[in-house]
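Subject: A structure for you to look at

Hi there,

Here is the structure I promised to pass on. Please open it alongside this note and follow along as you read.

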Amino acid sequence: MNAPSPQDNPFLKLMRRYRDDPVRFAQEVIGIEPDEWQVELLDAIAAPAVRRVSVRSGHGVGKSALLSWVILWYLITRPCRIVCTANSANQLNQVLWSEIQKWARKMPKGLQSQLEITSDKITVKGVDSSCHARVSRKENPEALQGFHHERLLFVIDECSGVDDIVFEVAQGALSTAGSKILMVGNPTRNSDYFYD
């Protein structure tokens with residue numbers, strides 16, 4: 001009996017189908033209809049030439065949900081490394097990580113079964129893709145060092161509360177051409193990396 005070819009692998013087909021279209025991924029895989037501003041961000045992060053995306057907005061508009069969609073899309077559609085951070089452990093664990101788990105449960109069961117989610121890491125079975133949760137702390141910016149991949153995505157939630165030294169560490173990791181950084185937060189300060 002012959003083993004199926006890689007072209008027949010349903011997971012690889014899924015990766016190819018949605019690789020450049022996070023809006024379609026959100027609609028067809030997660031089952032949501034993104035708002036206009038969310039579509040704009042999804043299109044921006046998918047653009048090959050765009051390496052930095054930042055979004056400033058108010059409370060309760062769906063920023064963490066949107067980050068979850070981006071993380072799931074990126075993780076499932078390509079071999080990659082994702083590093084998620086936020087201004088506090090509560091924001092990272094109780095808000096962002098909780099949102100990722102919530103939206104992952106809305107995906108088809110066969111796709112859900114490909115994800116292994118722990119308290120600080122998500123991996124995709126059989127693919128070199130992983131997502132890591134690390135809290136941003138001024139006194140310990142090294143927690144974000146050591147992550148390397150040709151497709152590295154840094155996701156920073158509640159950026160206005162993240163110290164500039166953390167952004168310096170993230171910038172150092174973004175040396176490969178395929179790396180990207182996605183920053184969201186409330187514009188509460190007018191003189192920091194996120195503001196600039």
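Below is a tour of what was found, from the whole chain down to single residues.

**Before you start**

This is a predicted model, in which local features need pLDDT of at least 70 and side-chain atom pairs count only at pLDDT 80 or more, while totals for chains, interfaces and linings use all residues. Residues are numbered from 1 along each chain as its sequence is written, and side-chain values use heavy atoms, with hydrogens and water left out.

**The whole protein**

You will find seven helices and seven strands in the protein. Both are DSSP runs numbered from the N terminus: helices are H or I with at least four residues, strands are E with at least two. In sequence order the pattern reads α-α-α-β-α-β-α-α-β-β-β-β-α-β.

Of the 196 residues in the protein, 48% are buried. Here buried means under 20% relative accessible area, exposed means over 50%, and partly exposed is in between (1.4 Å probe, protein chains only). The accessible surface of the protein is about 9700 Å², and carbon and sulfur atoms account for 47% of that. These areas come from the Shrake-Rupley method with a 1.4 Å probe, and for residues only the protein chains shown count as cover.

As for contacts (heavy atoms within 4.5 Å), take those between residues at least 6 apart in sequence: 71% of them join residues at least 24 apart.

Helix α2 covers residues 22-30, and its buried residues are Pro22, Val23, Phe25, Ala26, Val29 and Ile30. After α2 comes Gly31, with a positive phi near 85 degrees.

The structure holds four salt bridges, a salt bridge being a side-chain nitrogen of Lys or Arg within 4 Å of a carboxyl oxygen of Asp or Glu. One of them joins the side chains of Arg17 and Glu28, at 3.1 Å from N to O. This pair links distant parts of the chain, since Arg17 sits in helix α1 (residues 10-18) and Glu28 in helix α2, eleven residues apart. Arg17 is partly exposed at 44% relative accessible area, and Glu28 is partly exposed at 41%.

Glu28 also meets Arg24 in a salt bridge, at 3.2 Å from N to O. Glu28 and Arg24 are four residues apart in helix α2, so about one helical turn separates them. Arg24 counts as partly exposed, with 28% relative accessibility.

**Helix α5**

Glu99 belongs to helix α5, which spans residues 89-104. Is Glu99 buried or exposed? With a relative accessible area of 18%, Glu99 is buried. Leaving aside neighbours within four places in sequence, Glu99 is in contact with Ser64, Ala65 and Ser68.

Glu99 has a salt bridge as well: its partner is Lys102, with the closest N and O atoms 4.0 Å apart. Because Glu99 and Lys102 are three residues apart in helix α5, they are separated by about one helical turn. Lys102 is partly exposed, at 33% relative accessible area. Returning to the bridges of Glu28, shared partners join Arg17, Arg24 and Glu28 into one network.

Val95 is also found in helix α5, and at 26% relative accessibility Val95 counts as partly exposed. Val95 touches Ser64 and Asn90, not counting residues up to four places away in sequence. Although Val95 and Ser64 are 31 residues apart along the chain, their C-alpha atoms are separated by 7.1 Å.

Lys121 lies in strand β4 (residues 121-124) and is partly exposed, with a relative accessible area of 34%. Which residues does Lys121 touch, not counting residues up to four places away in sequence? They are Trp97, Glu116, Ser130, Cys131 and His132.

**One more spot on the surface**

Glu36 is in helix α3 (residues 36-46) and counts as exposed, at 73% relative accessibility.

I hope this helps you find your way around. Happy exploring!

Best wishes
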